Amino acid sequence: MTRGIGLYVHIPFCASRCPYCDFATAPARTTLRVAYLEALREEIAREGRALGRPRIRTLYVGGGTPSLLDPSEIELLAGALREAFDVRPREATVEVNPATLDRLRLDAWLALGITRMSLGAQSFDARGLRALGRTHQPQDSTAALVAARDAGLDTNLDLIFGWPGQTVADWQRDLEMAVALAPDHVSCYPLELRLDPEASVANWPGGGWPVLERWRQRTAAAQPDDAGVARLYRLAEGVLARSGYRHYEIANWARPRKRSLHNLGYWRDRDWLGVGAGAHTHLGGVRSANPVELRTYIAHARSGSARSADLESAPRAEAAMLALRLDTGLDLRRYRIRFGDDAVTRVRLALADVSRARLVRWSGDRAALTARGRLLASEVFVRLLP
């Protein structure tokens, strides 16, 4: 690990539960908050010892809503990280929800060494925010992004498209608002609604899954069809390209030298450690994950129990699929060094049909998705699975 690793830190707390979200989240006022943060620091200390205090090349604090942490909680987290690891990241990102970032919190994140803010704007349309169950207002996103830029941070805007009732004109306005704010990076995700219980249910009292299921069924029925979603995606490609953003990953655009270095580590199948509830890890070719439910996670962290290995992991297929998400594509020369000739032959055979259908283009030993292939990426990826 001389090159260092990526580190993901999961802060699950949210002021409210977004009904479309499937991440491991929990109420900000949960009685388990103090115990969770103590357990998180214990896990950080233990992993630092086990890995020999490696250098952190990239840091990503996600959630949940990390920007809800109090300054004193941020300071304790920073101390734990510095004690356990050699924290010299090329990039350090914190996720922020609009209307949760004040001056004291921002100063605490800056003191930790944060260099980049990823803002969950989702939409600049009040109707869109209501449709998504968000509690902030459009102007909150503008204020947060301006504050981050004034503090010298790189900025990313997260946007969601395909919400019920959204028109092409609505999405055009969202994109134009985003471009006018001139963030360094833009992420655009279609609204996807799983219709089975996921991590977002485990830690929330009250209605539980049946309430979410009804909301998702109603919302899914009112979403644009596949052709409508494809039209919105192509609109984003055009608007962002004309505004100087490079479409470097299926859902991500960046200005020159402003790509997300931490997320590139995921897509390039490098080593990273994830700490916190539900956090995933990829070290030495092995994928594993922490428990999602807070009480279970706290017990595991305190006892030093091992993460659960992903027994369904398929390293060859995953490495190929992750590489194809990027505009640089899959380099079969490097892939051969890692996985051998048989794996390369399998990839070539798997991609033959989709290449003829112009979903994948070849340049020597490098395969990359075409513009049409990005729209139908799942059709490509399924062929790579064992």
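Reader: Is Cys18 buried or exposed, and by what figure does one decide?

Author: The model is a predicted one. Burial is judged from relative accessible area, and under 20% means buried. Cys18 has a relative accessibility of 13% and therefore counts as buried. Cys14 is buried too, at a relative accessible area of 9%.

Reader: How many disulfides does the structure hold?

Author: A disulfide is a covalent bond between the sulfur atoms of two cysteines. The structure holds zero disulfides. For Cys14, the closest cysteine sulfur belongs to Cys18 and lies 6.5 Å away, which is too far for a bond. Cys18 is likewise in no disulfide, since its nearest cysteine sulfur, in Cys21, is at 6.3 Å, whereas the cut-off is 2.5 Å.

Reader: How does one describe the packing of helix H1 with helix H2?

Author: One considers the distance between the axes, the angle and the handedness. The axes of H1 and H2, the latter formed by residues 71-84, come within 8 Å and cross at roughly 15 degrees. Angles under 35 degrees count as roughly parallel, so H1 is roughly parallel to H2. Their crossing is right-handed.

Reader: Which residues of H1 and H2 meet?

Author: On the H1 side they include Leu37, Leu40, Ile44 and Ala45, and on the H2 side Leu76, Leu77, Ala80 and Leu81 are among them. By class, this contact has nine nonpolar, one polar and three charged residues.

Reader: At what angle do H1 and helix H10 pack?

Author: H1 spans residues 33-50 and H10 spans residues 294-303; they pack at about 40 degrees, with axes 9 Å apart. The two helices are therefore oblique to each other. H1 passes H10 in a left-handed crossing. Among the residues of H1 in this contact are Tyr36, Glu38, Glu42 and Arg46, which face a set in H10 including Tyr297, His300 and Arg302. The classes here are eight nonpolar, one polar and five charged residues.

Reader: Where does Arg268 lie, and which residues does Arg268 touch?

Author: A residue is placed first by its element and then by its surroundings. Arg268 belongs to the loop between helix H9 (261-267) and strand E11 (272-275). Its relative accessible area is 36%, so Arg268 is partly exposed. Leaving aside residues up to four places away in sequence, Arg268 touches Arg259 and Leu326. Arg316, 48 residues from Arg268 in sequence, is 12 Å from Arg268 in space, C-alpha to C-alpha.

Conventions:
Residues are numbered from 1 along each chain as its sequence is written. This is a predicted model: local features need pLDDT of at least 70, side-chain atom pairs count only at pLDDT 80 or more; totals for chains, interfaces and linings use all residues. Side-chain values use heavy atoms; hydrogens and water are left out. Axes are lines fitted to C-alpha atoms, for helices over the stretch in contact, and angles run from 0 to 180 degrees between N-to-C directions. Helices (H or I, at least four residues) and strands (E, at least two) are DSSP runs, numbered from the N terminus. Angles under 35 degrees count as roughly parallel, over 145 as roughly antiparallel, 65 to 115 as roughly perpendicular and the rest as oblique. A crossing is left-handed if the near helix is turned anticlockwise from the far one by less than a right angle, and right-handed if clockwise. Contact means heavy atoms within 4.5 Å. Ala, Val, Leu, Ile, Met, Phe, Trp, Tyr, Cys and Pro count as nonpolar, Asp, Glu, Lys and Arg as charged, and the others, Gly among them, as polar. Buried means under 20% relative accessible area, exposed over 50%, partly exposed in between (1.4 Å probe, protein chains only).
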